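Have the model open beside you and try each task before reading its solution.

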Amino acid sequence: MAAPARRWSDEVLYFVVLDRFANGDPANDIQVDKKAPGAFHGGDFKGLREQLDELSSLGVTAIWITPVVKNIEGFVTGAGFPDWGYHGYWADDFHQLDPRFGGEQELKALVDACHQRGIRVLLDVVYNHPGYNSRYLSAPETRGWLRSEEKGTCGQDDLTSCVSGLPDFKTELPEVAKYLLDAQISWGKRSGVDGFRLDTVKHVDHPFWQEHRRRTREELGKDFFLIGEVWGGDRESLDAWFVNDEMDAGFDFGFQGSALAWVQGRGRTVAFDAYLRSRGKVRKGYLLSHFLSSHDVPGALFQLGGDKARFRLAAALQLTTSGMPVIYYGEEVGRAGGDWPANRSDMPWGERAVQPGVGLPRDESLRQFYQKLIAIRRAHPALARGTHKGLATDGDVYAFLRHEPESGDAVVVAVNRGDKKAAVSFPWPEAWSGADAEDLLDGKSLKAGPTVEVTVEPLSVRILGRSR
């Protein structure tokens, strides 16, 4: 079953660490220890498939899942505790699925079930490295394919360094590139996923990514989507991969810090507006994707010291600004995240009997707020792909206009980061052409006039659109 035909710019992406989400098949639990932060906790394909209503009712339109190939058997202790490859980034065999996640039929069933709900699926793939002590290091036919700390062959630059001490594939060698591409493209074909999330992009050279793009288009379809992780990437640095069409989108690492600083009262509103405006200058036809939390950085709610009022402001900003927003599993129900490894804690299921996160508290009112924000974003193309114009950029109330000429849609967002009620005024948007407006969050109406006069309660947001 095919995924829906939507613009990727309109998607709301939900990122799942598969092992930490839901355990649907206890029979495939191997060395599971829920109490150990570095161990497998039992999440699998079947568990995620069985809980898809949780995601479709939230309103997300695409899911990104962590890598699924077989990872190294043992653990490493560099973190000070036994650390296993539960996250999928320490491959030991690119041609096998990790049995803890389930078999190929279960992966295909998950993708099909997502497509039935109108949800696209992105599979996380790694080309730069296998896992620590991987069999690729010792097998006679592959040991020459890798740089490693054991051999003293790691370089000092992005392409030849051994990231986090992991063995580094010599992807510049044709036989290595072909092996890795054959393996991952095969999973793409067999599973029916809609795109890849590309790990450690800057540690693999541009000719590889150009061949990757050629082959994925040829073998997986011209619309097969590629989103890349260039660590620390932003609009300007990602352009090196956009200019030669090596991928469709990349992660904007600047959004988390900029948004969290602004909601905490650090930095001037006009500077935050300039940053958001600059994101619209991304190369035409390419996308930025922005997150508040991830598996590699401390979660936003944790960074805010558990302040959910300010976290709601950050979520509102994420879901009303340009680019593809990524919701990191559980942050919508108040999973705090924390420093690594707490940022990969179990999905909270509250009273529902879903392992491994049964009994972990959930904030349902926060989830309802997310549902509203996502529904508003999906109903208003201006929020996904419109232009950005600051309307009030002094003080603690920040108001901006999103406008999409193609549909004529226009939305005004007003956010108050201060602890006092405040009002702002600005000209009535032309796109509303004299019609009344309404608050899309609470339904209150505003009469048309020469100006918008809007009062915003402390630590709250208003989202205004033309009355229908």
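**Exercise 1.** Work out how helix α3 and helix α4 are oriented to each other.

Solution. Start with the axes: helix α3 (residues 104-116) and helix α4 (residues 174-191) pack at an angle of about 60°, and their axes are 9 Å apart. Axes here are lines fitted to C-alpha atoms over the stretch in contact, with angles from 0 to 180 degrees between N-to-C directions. Helices are DSSP runs (H or I, at least four residues) numbered from the N terminus. Next, apply the classes: under 35 degrees is roughly parallel, over 145 roughly antiparallel, 65 to 115 roughly perpendicular, and the rest oblique. α3 and α4 are therefore oblique. Now look at the contact (heavy atoms within 4.5 Å): α3 brings Glu-104, Leu-107, Lys-108 and Val-111, while α4 brings Trp-187, Arg-190 and Ser-191. Sorted by class, these are three nonpolar, one polar and three charged residues. Nonpolar covers Ala, Val, Leu, Ile, Met, Phe, Trp, Tyr, Cys and Pro; charged covers Asp, Glu, Lys and Arg; the others, Gly among them, are polar.

A word on the model: it is predicted, with local features needing pLDDT of at least 70 and side-chain atom pairs counting only at pLDDT 80 or more, while totals for chains, interfaces and linings use all residues. Residues are numbered from 1 along each chain as its sequence is written, and side-chain values use heavy atoms, leaving out hydrogens and water.

**Exercise 2.** Decide whether α7 is roughly parallel or roughly antiparallel to α8.

Solution. First, the axes of helix α7 (residues 254-263) and helix α8 (residues 269-279) come within 10 Å and cross at roughly 155°. That makes α7 roughly antiparallel to α8. Then list the contact: Gly-254, Phe-255, Ser-258, Ala-259 and Trp-262 of α7 meet Thr-269, Phe-272, Tyr-275 and Leu-276 of α8. Finally, count by class: six residues are nonpolar, three are polar and none is charged.

**Exercise 3.** Find which residues lie nearest the centre of the largest cavity.

Solution. The lining has 14 residues, and Trp-64, Phe-253, Phe-291, Ser-294 and His-295 lie nearest the centre. By class, the lining divides into eight nonpolar, three polar and three charged residues. A cavity is a set of points on a 1 Å grid over the protein atoms alone where a 1.4 Å probe fits but cannot get out, and lining residues have an atom within 4 Å of a point.

Methods
1 Å grid on protein atoms, 1.4 Å probe; cavity = no way out; pocket = protein on both sides within 12 Å on 5 of 7 lines; lining within 4 Å. Helix = DSSP H or I, 4+ residues; strand = E, 2+ residues; numbered from the N terminus.
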